[in-house]
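Hi everyone, thanks for coming.

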Amino acid sequence: MSHPLAMDLEQTALAGGLPLVVLRRPGPRVLSARLMIRGGSSADPQRQRGAHQLLAGLMTRGCGELNAEALADRVEGAGAALRAEATEDALTLALHCGAEDGEDLLPLLLSMVLQPTLQPDQVDLERQLNLQTLQRQREDPFQQAHDQLRRLLFAGGPYGHDPLGVEADLSRLSRTDLEPLVHQLGAQGAVLVLSGDVPEGVVDLLNTALQGSPWEVPPPASALAPGGAAPAERISSLEEDTEQLVLLLGASTVPYGDPDALPLRLLQAHLGAGMSSRLFQAMREERGLAYDVGVHLPARCGPSPFVVHLSTSAERAEEATTCLLEEWRQVMEHPIPPEALALALAKYRGQDAMGRQTCGQLAERLALVLSHGLPIDQVESQLERAGRLTPSDLLEAASRWLQRPSLSLVGPASALQSATLAWKQHPLSGLAPGG
């Protein structure tokens, strides 16, 4: 497809300062909108973990003069999709609709932020749904391992809890707790991106919606926070009566806009993207050690976790753990071969191209970049820079950020013992002789 910035792109600001980017895209008469508000679950107040996700859910349960049923009728009656959710760094509202319904539905995004009704019965309902989701997550070994690793890497910091929150805090949240958060929305910046067949006069349309309720919003500032401090505890395990061991090995690295983020992203592609990836070949194809294996590196405003995940049989827990630790150590101590870098670069470029296929994808990616306070051409400049990186560049980034990984284990007792023994005997743990 054509380069997104070659399309008709307009930048302006609404009354009060909210940055608005309009990406006019020829094709089907559809419209996608992303309103990203900096903050998210990392801005949850103390003892109110889960507050921003609860607030996000309530935004779709009534705003302005529309109660929950009337808002649902307005959106669903137009065949549109509307969602709101909190991630670690942002509260995101997403709308996808037919172009002919844009004038009617787009102002709802501002009303949902500025005038959520927060009806007590809806607060109770949404809170109960979130508590049920947290309870279901406790039944998922992978989710349990992920939560353990989050606590190891980020402890009680802003990234130390799931955006859904924790049950003890969430069960106490009320409308009184949420109202102050509504007034603080946008204080750290926000951005609205529209992509597709955007109505003419959309600026006047949205400014009219703001009349009487100005929203003072600065553009998001760049977020280049340093990496987190090394965790005190580096291994955590949970016994579950299962046939498999879930293993997550991860380290806290750098924000999305940091120069080292790009070489780490290429390492992610090298290690975990597809069946030709290093980990898939070494651990599954050659040795049959993993049922599944992959690498996760989210885009964060603060320290981003670089995480390798795998599941293996309980009987081969020690061998799989040792093999994974060795693969991790290899990328810290030896440059990957040039042909491996070329393949990783091809995957990185391919993932980027696949992520720009729809209006929704374009809006989401552009909103992500701008919500991090980065230039509008950030993705394009990173693609260009990626072609100049060398194996040594990847090695240097790995040696800076992957030196002290943490290990999270969930599985049967025998597998936990075997994996823990492998960890203690490996130099990466710092416990082995000479480690």
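Okay, I'll go through ring pairs, then salt bridges, then a patch of charge.

Quick housekeeping: this is a predicted model, so local features need pLDDT of at least 70 and side-chain atom pairs count only at pLDDT 80 or more, while totals for chains, interfaces and linings use all residues. Residues are numbered from 1 along each chain as its sequence is written, and side-chain values use heavy atoms, with hydrogens and water left out.

So, rings. Rings of Phe, Tyr and Trp (its six-membered ring) pair if their centres lie within 6.5 Å; planes under 30 degrees apart are stacked, over 60 edge-to-face, and the rest tilted. That rule gives 2 aromatic pairs. One is phenylalanine 154 with tyrosine 159, edge-to-face, at 5.6 Å centre to centre and 90° between the planes. Then there's phenylalanine 306 with tryptophan 328, also edge-to-face, at 5.8 Å and 85°. Phenylalanine 306 lies in strand S12 and tryptophan 328 in helix H11, so this pair ties together parts that are 22 residues apart in sequence. (Helices, H or I with at least four residues, and strands, E with at least two, are DSSP runs numbered from the N terminus.)

Is phenylalanine 306 buried or exposed? Buried, because its relative accessibility is 0%; the cut-offs are under 20% for buried, over 50% for exposed, and partly exposed in between, with a 1.4 Å probe and protein chains only. Tryptophan 328 is buried too, at 3%.

On to salt bridges: a side-chain nitrogen of Lys or Arg within 4 Å of a carboxyl oxygen of Asp or Glu. The whole structure has 26 of them. Take arginine 300 and glutamate 88, at 3.3 Å, N to O. These two sit 212 residues apart, arginine 300 in the loop between S11 and S12, glutamate 88 in the loop between S6 and S7. Arginine 300 is buried at 8%, and glutamate 88 is buried at 13%. Another bridge joins glutamate 384 and arginine 388, at 2.3 Å.

Last stop, the surface. Glu239, Asp241, Glu243 and Glu315 gather there in a patch of negative charge. Patch residues have over 30% relative accessible area and no salt bridge, with like charges joined within 9 Å and nonpolar side chains (Val, Leu, Ile, Met, Phe, Trp, Tyr) within 5 Å. Glutamate 315 is in the loop between strand S12 and helix H11, and counts as exposed at 67%.

Terms used
Accessible areas come from the Shrake-Rupley method with a 1.4 Å probe; for residues, only the protein chains shown count as cover. Lys and Arg count as positive and Asp and Glu as negative; His and the chain ends are not counted. The place of a charge is taken as NZ of Lys, CZ of Arg, CG of Asp or CD of Glu.
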